Every structure is written in structure tokens, then in C-alpha cells.
Amino acid sequence: MNCSRFETLLSDYLEEALDSRVRAALDLHLQVCPDCSSLVDAVRSVRSQLAELPQIEPTEELIEAIVEKTSGRFRIRSLWADLVIPTLRPFLTQRFAFATLIMFVFLSLVANVIGPDFSAFSFSDIRPSALVEQADRFSSQVQKKWVQIRNMQARMVGKIWRLKEDLYGRLDYHLINMLLRSYQHSIEEQEAGKEAKGDKKK
Amino acid sequence: MQHSDAKLVERCLSGDARAWETLVRLYSRRILNLGYHYTGRLDVAEELTQEVFLKVYQNLRSYNASTGSLQNWIMRVARNLIIDHYRATRHDRQVAGSEELEVLDFEQDSQAANPFENLYLKEKAQYLLRGLSRLTPELKEAVLLRDIQGLSYQEIADILEIPEGTVKSRINRGRIELAKVLRKGSNPEGSAVL
């Protein structure tokens with residue numbers, strides 16, 4: 001056994017793929033050849049280090065890119081992921097969910113007070129003729145309410161006008177009274193002055 | 001195995017997108033790692049993986065289950081593309097002077113218990129990839145397929161389309177060559193390969 005022959009059989013030796021006779025010959029050579037002995041250790045170490053090299057896991061993005069590039073399966077999902085999700089994302093928050101809940105409760109309360117009465121609901125109510133009838137009734141109710149509001153507004157305006165006129169009338173009365181009083185007062189002062197002059201002449 | 005391969009391919013050819021996705025998920029890891037360990041760059045390996053599957057998708061009709069396993073057929077496509085890439089970029093590498101290796105962090109690897117160990121594993125991987133880059137393409141692919149991918153001699157012979165004896169010889173020469181290359185450089189494991 002020489003070194004060149006040993007090198008040729010080295011991998012078979014390490015993988016234990018040699019028959020016992022050849023293996024014994026190699027073992028014998030190793031005992032007397034430090035170079036080959038060192039090479040065996042080196043190759044053994046290389047093999048174990050290669051086996052320990054970390055394996056990379058393909059990312060989900062890579063898988064999707066491959067599938068999209070080939071079968072295009074992720075195209076619809078991409079449309080969903082690219083358009084729908086980003087559009088909805090701002091709304092998919094805890095704050096938005098809480099605000100929606102509050103709004104729902106508020107609208108439920110409002111609907112409970114002024115909304116339709118669902119307890120008296122029957123399927124005959126959703127016939128086209130019934131719907132037209134309801135719409136007609138609803139519109140006439142709205143019109144009545146509107147007229148009532150207009151009348152109420154007119155009455156309020158009338159009242160305000162009357163109050164205003166009354167107020168102005170009262171003000172006018174007081175002003176005229178004040179003017180008359182001051183006029184009367186000045187006349188009395190003039191007469192008093194004349195009388196005093198007459199007494200002096202006498 | 002080959003029966004299930006044929007079935008999977010049949011489903012893919014009939015337009016079953018889920019079957020194609022299954023096929024991609026089954027083999028993408030192996031191809032990605034082959035590309036990464038061959039080129040030493042993750043971005044290149046990812047590009048090559050995409051190209052491999054594009055080629056596989058276009059030529060799926062030519063796969064014949066009676067001539068071998070689907071894995072070997074896909075690996076053969078991958079190997080040919082990787083070799084083509086190696087040849088196409090040889091000039092760039094010669095101009096650059098050395099391989100620009102990209103060694104990944106092993107933080108997600110359970111082996112790396114702490115940052116020091118992570119650094120050590122990273123250095124060790126870099127050292128091995130650098131050593132591999134010094135081998136000829138024939139020796140490198142044989143060593144990669146056997147010692148990293150863990151394929152049998154028969155499978156490697158099927159992928160490389162060469163006799164099993166030649167495969168054994170290349171692997172043996174590749175290992176010895178790599179050990180000698182690493183012996184010249186500094187080894188993170190100290191005297192392990194000396």
C-alpha cells in the first residue's frame with residue numbers, strides 16, 4: 001500500500017465501504033504514514049463540518065414569488081393583499097372596533113326610540129304594494145310633520161313680532177311721557193320766572 | 001415514490017395550482033441550499049431557485065417517471081442552471097479577484113446558543129464556503145451533493161449523468177482537495193484539519 005493508493009480509497013475507508021482485508025491494509029499503512037494519518041483526520045473533519053453547515057429555509061415570499069412567476073396562483077391573493085388589506089388595515093384596529101361598538105350601541109338606542117317596530121313585522125309587510133303603501137304613508141307623515149313645523153315656526157315668528165311691537169310700543173310710551181314731562185317742567189319754570197319778574201317791578 | 005411523483009406531476013399538468021405549490025414547497029429548500037452552498041450568496045441562490053422552478057414548470061411535460069425520480073430530475077435542472085450561472089459569472093469573479101461570500105446569521109439555528117457561538121459558526125461557514133469556492137465545479141458539485149445534500153452515489157450519478165464510479169472518484173478527490181485547501185488557510189477549529 002502506498003500513499004497514492006491510500007488517497008484513492010480514502011472516502012471508502014471513511015464510509016466503511018471496504019472489505020476487511022483492504023481495510024486492514026489501510027490501517028497498517030496509517031500506522032506507519034503520518035501524512036496519510038493527518039489527511040484522514042482532515043477529511044473526516046471536513047466531512048463533519050460540511051454536514052453541520054446550516055440549511056436555509058426558503059421564505060414564504062420566495063415560495064409565493066416562484067408560484068406567481070410560474071402558475072400565477074397568488075395573483076388573486078396579491079390583489080387581495082395589495083389592495084383590499086391595505087385599504088381595510090386602518091379600520092382593523094382596536095380603536096376603530098371600539099368606536100364602531102359605541103356607534104352601534106348609540107344607533108340601537110336611537111332606533112329603539114324613533115325607529116321602526118320590528119316586533120310587529122310580518123312577511124306581508126315586504127310585498128311591493130305594501131312597501132309602496134308604507135312609503136306613501138311615510139311620505140305623507142313627513143309632509144304633515146313638515147307642515148306642522150312650518151306652522152309652529154309661523155306662530156313663533158308671529159309671537160316674536162307681537163312681543164317686539166309691544167316692547168317698542170312700551171318704549172315709545174315711556175319716551176313720549178318723559179318728553180311731555182320735561183316739556184311741562186320747562187313751561188312751569190318759564191312761568192315761575194315771569195311771575196318773579198312781575199313781583200320785582202311792583 | 002416514483003408513482004407518487006408521476007401523480008403529482010399529472011395533477012400539476014392538469015392545472016392543479018395546489019399540486020404545483022406542493023411541488024415547489026417540497027423541493028425549494030433543497031434547491032435553495034444547493035444554490036447557496038455553490039455560489040455562497042443568498043440573493044443569487046434565491047434568483048437561481050426561481051429560475052429553476054420556471055424551467056421545471058415550462059418543461060414538466062418532458063418528465064418521465066420511468067426514467068428516474070422527480071427529485072433527481074429537478075436537481076438535474078438546478079445543477080445545469082447553477083453551472084450555467086457559474087460559467088456566465090466566471091469573468092466577473094476573476095475581475096473581482098475573490099468570491100464575495102454572504103454568510104448568514106445563525107441566530108435562528110438552535111446550535112447557536114449565544115452571540116459568540118453564532119460568530120464562531122458564521123466564521124466556520126465562511127471558511128468552508130471559501131474553501132469550496134476554490135474547488136473545480138465538478139469536484140465542488142459532487143462534494144455538495146454528497147456531504148451537504150446527503151444524496152446517495154446513485155442519486156448523484158443520476159443527477160450528474162455520469163457513472164457511479166466517476167461520482168465516487170470526484171467526491172473522494174473533492175474532499176481531499178478541500179481538506180488540503182483548508183489546511184493552507186486558518187481553520188477555526190484549530191488543528192482539526194491539520
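User: Where does Leu128(B) lie in this model?

Analyst: In this predicted model, Leu128(B) lies in helix α6 of chain B, which covers residues 115-133.

User: Why is Leu128(B) called buried?

Analyst: The label asks for 20 or more other C-beta atoms within 10 Å. Leu128(B) has 24 such neighbours, so Leu128(B) counts as buried.

User: Which residues does Leu128(B) touch, leaving aside those up to four places away in sequence?

Analyst: Leu128(B) touches Gln49(A), Leu50(A) and Leu53(A). Within chain B, Val181(B) is 53 residues away from Leu128(B) in sequence, and their C-alpha atoms are 9.8 Å apart.

User: What makes up the side of chain A that touches chain B?

Analyst: Taking the two chains together, 29 residues of chain A contact 39 residues of chain B. Helices α1 (3-14), α3 (34-52) and α4 (60-70) of chain A each give two or more residues to that side. The largest share, ten residues, is from α3(A). Sorted by class, this side of chain A has 16 nonpolar, eight polar and five charged residues.

User: Why are α7(B) and α8(B) called oblique to each other?

Analyst: Helix α7 (residues 137-148) and helix α8 (residues 153-160) of chain B pack at about 140°, with axes 10 Å apart. Roughly antiparallel would need an angle over 145 degrees, and roughly perpendicular one of 65 to 115. The two helices are therefore oblique.

User: Which residues meet where α7(B) packs on α8(B)?

Analyst: Glu141(B), Ala142(B), Leu145(B) and Arg146(B) of α7(B) meet Ile156(B), Ile159(B) and Leu160(B) of α8(B). That contact has five nonpolar, no polar and two charged residues.

Note on methods
Residues are numbered from 1 along each chain as its sequence is written. Chains are lettered from A and ligands numbered from 1 in the order in which they are written. This is a predicted model: local features need pLDDT of at least 70, side-chain atom pairs count only at pLDDT 80 or more; totals for chains, interfaces and linings use all residues. Two residues are in contact if their C-beta atoms, placed from the backbone, lie within 7 Å. Helices (H or I, at least four residues) and strands (E, at least two) are DSSP runs, numbered from the N terminus. Ala, Val, Leu, Ile, Met, Phe, Trp, Tyr, Cys and Pro count as nonpolar, Asp, Glu, Lys and Arg as charged, and the others, Gly among them, as polar. A residue is buried if 20 or more other C-beta atoms lie within 10 Å of its own, exposed if 12 or fewer, and partly exposed in between; C-beta atoms are placed from the backbone. Axes are lines fitted to C-alpha atoms, for helices over the stretch in contact, and angles run from 0 to 180 degrees between N-to-C directions. Angles under 35 degrees count as roughly parallel, over 145 as roughly antiparallel, 65 to 115 as roughly perpendicular and the rest as oblique.
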